[in-house]
Amino acid sequence: MIALSLAEIAHIVGGQPHDIPDPAAVVDGPVVIDSRKVERGSLFAAFAGERVDGHEFARGAVEAGAAAVLATRPVGVPAIVVDDVVGALGALARTVVERLGATVVALTGSAGKTSTKDLIAQLLERKGPTVYPLGNLNNEIGLPLTALRATSETEHLVLEMGARYVGDIRYLTGLVPPRIGLVLNVGTAHIGEFGGRDRIALAKGEMVESLPEDGVAVLNIDDPLVRAMASRTKARVVHFGEAPEADVRGENVRLTADGHPAFRLHTPTGCSEVTMRLYGEHHVSNALAAAAVAHELGLSVGEIAEALSEAGTLSRWRMEVTERPDGVTVVNDAYNANPESMRAALRALAAMGRERRTWAVLGQMAELGDDSLAEHDAVGRLAVRLNVSKLVAVGGLEASWLRLGAYNEGSWGEESVHVSDAEAAVDLLRSELRPGDVVLVKASRSVGLEKVAQALLENSTEGEVTGR
């Protein structure tokens with residue numbers, strides 16, 4: 001974070017100093033919410049959660065080097081006391097970003113946000129110092145924490161914005177207003193909370209409504225609900241996609257024999273070939289979105305194509321591909337799942353598994369509301385249509401719907417199985433995997449299926465990570 005005195009921070013957040021012997025003391029380290037990550041000069045933000053109260057770690061944070069604590073009550077060590085720590089973080093982030101003058105790029109969408117954010121970051125780092133979320137810090141806490149990592153040297157600030165309800169993105173763009181706003185797609189993630197895709201589109205479009213007249217709205221021309229958002233912004237609109245009229249588009253989209261996406265990138269200033277290290281055709285749309293942002297910020301088409309061809313995965317458990325010494329390939333995509341990302345992952349598995357046995361270890365897709373049965377059934381049926389060798393459905397009722405969909409689509413019998421939990425899935429795989437098999441692991445975060453991938457790699461420390 002840029003250096004600010006405790007007195008300045010107290011003024012910005014409207015807080016009261018407590019037990020601060022020197023108001024001129026400076027915070028020049030990161031703002032953290034985990035006392036184990038404190039560095040000298042940090043500001044420790046104490047949250048009172050359901051299971052852990054950060055205020056109880058305030059003294060330890062100061063002893064570890066924090067300049068002060070942002071808290072809702074006095075804690076016996078230097079503290080700035082506020083009514084609402086979340087609101088205080090947002091106010092501090094907005095002030096810091098305003099003082100920096102960095103270009104703020106924000107993106108949202110139902111699927112692909114984190115992967116696209118990682119691509120944008122790797123492109124923009126070629127032009128200048130870039131700060132971006134580590135993981136998917138895309139809510140009212142994570143977004144300010146990311147923004148507050150910016151320093152006086154930061155030229156680009158890339159922010160991922162998630163939403164569960166209409167108004168969430170409006171709130172986040174109010175904290176740190178973007179100059180470039182990107183909308184990837186409108187799918188069915190969190191449809192149970194939103195109540196329909198039209199409501200999701202309403203929420204995602206808040207991104208472009210926030211943009212200034214001299215800003216840029218980057219929209220997916222291939223998604224009709226996103227394309228229609230052009231009428232909701234006063235900013236200049238740039239379209240990306242595979243449609244011929246897209247400003248930044250991909251042509252001759254294909255997969256290599258190993259499942260890597262390749263395409264010809266067209267921009268207003270030229271064309272170039274791209275072959276990505278990532279897996280799955282769904283990354284083409286993500287890459288075109290990142291290319292559109294990078295082109296707006298001055299990268300040449302050659303620089304963009306080179307960066308996209310070299311880019312890897314920066315966030316864990318997103319199509320993280322590891323080759324075991326025995327030839328088994330483990331695809332850990334277990335961070336989260338929705339119908340769109342599940343279908344994309346299955347198609348990537350099918351492409352990677354040509355002439356090989358493929359395993360889809362799948363669990364619940366959460367927060368789908370009344371669409372849950374139909375969506376799980378459809379994913380199970382797709383696994384059959386893609387000729388996945390074996391489906392392992394893991395968990396409770398929703399997992400049984402996955403297996404039932406597969407069974408009804410292809411009368412699989414032993415080719416699909418329902419197991420109770422991750423441990424049972426690991427036992428099954430360890431007994432049946434053969435050299436050369438490809439295993440995809442994917443479910444909503446709450447299922448914890450990353451344990452399956454980790455267990456399969458525990459005794460394979462010499463395996464090569466190929467998807468990064």
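Analyst: Start with what counts as an element: helices are DSSP runs (H or I) of at least four residues, strands are runs (E) of at least two, and both are numbered from the N terminus. This is a predicted model. Its protein chain comes to 17 helices and 23 strands.

User: What radius of gyration would a compact globule with 468 residues have, and what does the protein chain have?

Analyst: The rule for a globule is 2.2 Å times the number of residues to the power 0.38. For 468 residues that gives a value near 23 Å, and the protein chain agrees because its radius of gyration is 23 Å. The C-alpha trace spans about 70 × 50 × 45 Å along its principal axes. Of the 468 residues, 57% count as buried.

User: How do strands of a sheet pair, and what order do the strands have in the open sheet of five?

Analyst: Strands pair through backbone hydrogen bonds, parallel or antiparallel. Here the order is E2-E7-E6-E5-E4, and the pairing is mixed. Strands E2 (16-18) and E4 (31-32) are at the edges; each has a single partner strand, so one side of each lacks a neighbour in the sheet. E4 runs parallel to E5 (residues 43-45), joined by two bridges, and Val 31 is opposite Leu 43 in E5.

User: Which helices pack on the sheet?

Analyst: Helix H1 (residues 6-13) touches E2, E5, E6 (68-71) and E7 (79-81), and its direction makes about 15 degrees with that of E7. Helix H3 (residues 85-100) also packs on the sheet, touching E4, E5 and E6, at about 120 degrees to the direction of E6.

Note on methods: Residues are numbered from 1 along each chain as its sequence is written. This is a predicted model: local features need pLDDT of at least 70, side-chain atom pairs count only at pLDDT 80 or more; totals for chains, interfaces and linings use all residues. Side-chain values use heavy atoms; hydrogens and water are left out. Two strands pair if DSSP finds at least two bridges between them. Contact means heavy atoms within 4.5 Å. Axes are lines fitted to C-alpha atoms, for helices over the stretch in contact, and angles run from 0 to 180 degrees between N-to-C directions. Buried means under 20% relative accessible area, exposed over 50%, partly exposed in between (1.4 Å probe, protein chains only).
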